[in-house]
Amino acid sequence: MNRSQSAPESPVSSEVQMPSPRGSVPVIIFSAILFLSGIGALIFETLWLRLSGLAFGNSVWAAALILSSFMAGLALGNAIAASSRIRRWRPLHLYAVLEVLVALLGCTIVFGLPVLGELLRPVWQIFWNYQPALLGLRFVVSFLILLIPTTAMGLTLPVLMEDPMLRQTNFGRALGFLYGSNTLGAVAGAVLGEGYLIATLGLRGTSLVAGLAVCLAAIAALLVARIGGDASETNPKPAFPLSPHVSYRLPWRLLFTSFGTGCVLLCLEVIWFRFLRLYVVSSPTAFAVMLAIVLSGIGLGALLAGAIQGINRRRTYDTRASHSGATAGRGGSLSVLLLLAAISTLLSYLFFPGEIVKTPAGAFSLASWYQIALLSIALMFPVAFLSGIVFPSIASSVQATVEDRMNSTGVTTLFNTTGAAIGPLLASFVLLPCIGYQGSLVICAAIYALLSVLVSERSSWSIRRPTGLIITALCAAVILLLAIFPYNRAESHFAHASRPYEIDEHGKVLAHVVKRIEGTSDTYQLLRRDFLGEPYYYRLLTNAFSMSATNPRNQRYMRLFAYLPIALRPEAKDALLICYGCGVTADALLHGPNIKRLDIVDISKEVFRLADFYSGINYSNPLRDPRVRAIVQDGRFFLQAAPQQYDIITGEPPPPKVAGSVNLYTEEFFSLMKSRLKEDGIATFWLPINQLKVEESKAILRAFHNAFPNALVWASADQQWIMMGIKGPGRGVNEKELRRLWSEPAGPGQDLRRVGVEVPQQLAALFLMDGEEIDRITGGVAPLRDNYPKRLTDAVWNDQANFNFTSTYMDASSAVERFGWSPTINRIWPETLNESLKSFFSVREMRYLSETIGGNEWAELDLYLRHSRLRVPVLEVLGSDGLRLSIAERAAKKSQPPPVEIMQDLVAGALAQRDINGAIRLLENKKDRSSLSLDDTYLLTYLYCLNGEVDKAEALAATNAAAAKKNSSVDWLWGKLQSEFGFHPPAD
């Protein structure tokens, strides 16, 4: 069989042949070609995986199968290269054809996958009740789609190594430079794609740029073939270029080492990324930077390997003597490199400079890219760099046995790629869930050490040789490190993630971890904050990010996700909740008077496992309700594949800027929600204005309204907006149906009152805007779509701009006017409940301004106490809430007099009930116990006046005049009491 126009090489010819002075020129040219190829290949890879996730699901298993199908295609290309010879074609010509295939099919896949996903929806629905078959079907489809371009990718490097222009270049040198350049091209692709192209051109436009880069590589290859080749080699012959041919003995130890290094490195990559997310928020930018650092290490290491081979390329050996010596030398060098990799794995973790990133508590925190890069370099670069040296070194040793350059590269890459395909699965499904990230790092280091033993020759261990001494010393260092390794070090890294929520800036303990789970895709920590020894609220941390919490403020909007659609569609029987969070929305949905079925879909089984670790007043695990069905699945794929339809669909999704969450906020996702609704069904979804730039919020609103022409937006006194979409015109609800929610014992009335919706009119006073207003404010704003995910950026939001935007809609007068003029509201809301709405809108406005920019707490309290019957605003202005009050009241029954630390809550509770005398007695008790604060003095003075005891008020104020602080709020209070009750303020 002809493999090319050249005769076969001898086993050692590539090692002993003296290169021509021009030998470096082909290497430089081919490196530049592969650099371009690397740019396009990495961009295509990220686009394919992203769009495959949208078409086939992003659950842990689905993502693993999609990645496996990609790696399987690469391995198939490697296998063809390992078992074939090139005949009648110049390798450069074949390479150009392969790159053109990658470009054409790569772009076709990017443009066609969304269409294919839509066409396959009926197929998914047929197989929905047969999940194993559905999973297998998704793997087969994704494998077939990616088969040809990934196979072509797997062939490119081996084919290029076979070209005659590289024949006089040392094999190891050429492979090192070509492999390194290709990997550095991938670095450029990762940075360019995520940092610029997707934001500017969208996914489809980015695929065209990737295709252009790959085509440029093909054109360059053709030009080089024309300029630098023999005339007889310039035109490919009309025959298939590859023929099966295997006539070599496999060097199993070397190939198993190649397999092991590929497996361990990709395993480590998963572990590293998981670990870094305890310090760095999971954003697309962070992932791009981390990937770029790993690839940079591999690429630079490969270049160094090529340079080292170049330094030694002029050595001339006796053929027989040199072969065994060279083999032993290579084995010793590989052992040293692998032992250094083992040591670097442990030391880079032990000396990880995590404290350079101070993670603040808050909704979302983005470390700057250079901080992410610094942490990534410290943790990942040393091992990645050594891995980049190892691969060309292994391939050079394999080539000494296999002879043929393409076969050598192909078989080495085949085993390395196969290991790389298994590594992420091993890390995600075995190591991380079973022994955690730290144990996994130690196991990987140990495997590197074992591989060093496997690949070495017996002579390499002789202490008479320098290499033997080095290997022995490094082995001893590995054993010593494993023996003295601080196996409790992981606790400090977990604590870094949870510390902002456990301890305040003064060192006071706020909460403690009750459960920690290292799952298949994330690290979860459940924190509990206590009040008087009882659970007050919980916070769920995913990696270093607060994903959800059960504190009263969050519970309000989370429960309104359910109560708003239940109020407007009280007959609803079937509900779907996408993302479980802490279970607050699930619990609220189960309070629906007619709910018969609740499907809860979450991508993480660990979130469901944590449901048993919550406890508290009146808490019951929603997952134990017989009406509930918990489904571990990607919420978006569930909407595509599940055949059920629902009266209500809502969600407790991750914040939009967390990596991957953008897929739950696009127009296509909202259209899927609509497609699963029954006629007149209602969907609600979270819009966290305080975590977005104004234009990003508008892009999501535009996307939602495009999917739901009948759209509304609601909010309490915060920036946690709730988008509502109705399929169809929606039906009107009457006053009796609404009031029944508050009056029936088994209904949600008690829960509604606890979160601050105490009467039906307050539900109306949550209104912000309807579809017409959305149209007005989003005119000219492009919607968030799957093709343009970067319309949701990683940029930090502007709090002042967000306040300016939201305060317009919190203004009571304009909100009442929009409510009254809204055609949708007039169609679905009972007109009989429209009286006195202005006062409820005013309460929301005052609470919002107080929470965002501050206000006059005495004026606010006076308004609530004397001009409304609402309880929750009184509690809030006095720093309490329903949960704290319940705990305080139980503690007060057990201890008389009540502990001082609960007196403020008891006072707030008495005033919420309009029990002025009770509040006065409690404050006087504090006074008798010498624990009355200055604010308590003002409050007691005010209450004395309300109770007609002006003389007591004046005496108290005079007694504390020296401690009184002058400010606008106190001035207002003295003026109010003076004008309405004849109170005489103390003299200055």
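Begin by selecting helix α34 (residues 934–946) together with helix α36 (residues 968–981), which in this predicted model pack at an angle of about 15°, with their axes 11 Å apart. Angles under 35 degrees count as roughly parallel, and α34 and α36 are therefore roughly parallel to each other. If you turn the view, you can follow how α34 passes α36 in a left-handed crossing.

Now show the side chains between these two helices: α34 contributes Y938, T941, Y942, C945 and L946 to the contact, while α36 contributes V970, L973, W974, L977 and F981. Sorted by class, the residues in the contact of α34 with α36 are 9 nonpolar and 1 polar, with no charged residues.

Next, move to the largest nonpolar core, which has 305 residues, and select Y437, F670, W721, L763, L911 and L939, the members that touch the most other members. Helix α12 (residues 405–455) supplies the largest share of this core, namely 18 residues. Stay with Y437 for a moment and display what surrounds it: apart from residues up to four places away in sequence, Y437 touches I271, F275, L278, Y349, L432, A490, H493, F494 and E518. There is also a second, separate core of 6 residues, and L42, A186, V187 and L295 are among them.

For the last stop, select T183, which lies in helix α7 (residues 171–228). Is T183 buried or exposed? Its relative accessible area is 7%, and T183 is therefore buried.

Note on methods:
Residues numbered from 1 in each chain as written. Predicted model: local features only at pLDDT ≥ 70, side-chain atom pairs only at ≥ 80, totals over all residues. Heavy atoms only, no water. Axes fitted to C-alpha atoms, helices over the stretch in contact; angles between N-to-C directions. Helix = DSSP H or I, 4+ residues; strand = E, 2+ residues; numbered from the N terminus. Parallel < 35°, antiparallel > 145°, perpendicular 65-115°, else oblique. Left-handed = near helix turned anticlockwise from the far one by under 90°. Contact = heavy atoms within 4.5 Å. Nonpolar A, V, L, I, M, F, W, Y, C, P; charged D, E, K, R; others polar. Core = buried A, V, L, I, M, F, W, Y, C linked by side-chain atoms within 4.5 Å. Buried < 20%, exposed > 50% of the residue type's maximum accessible area, 1.4 Å probe, protein only.
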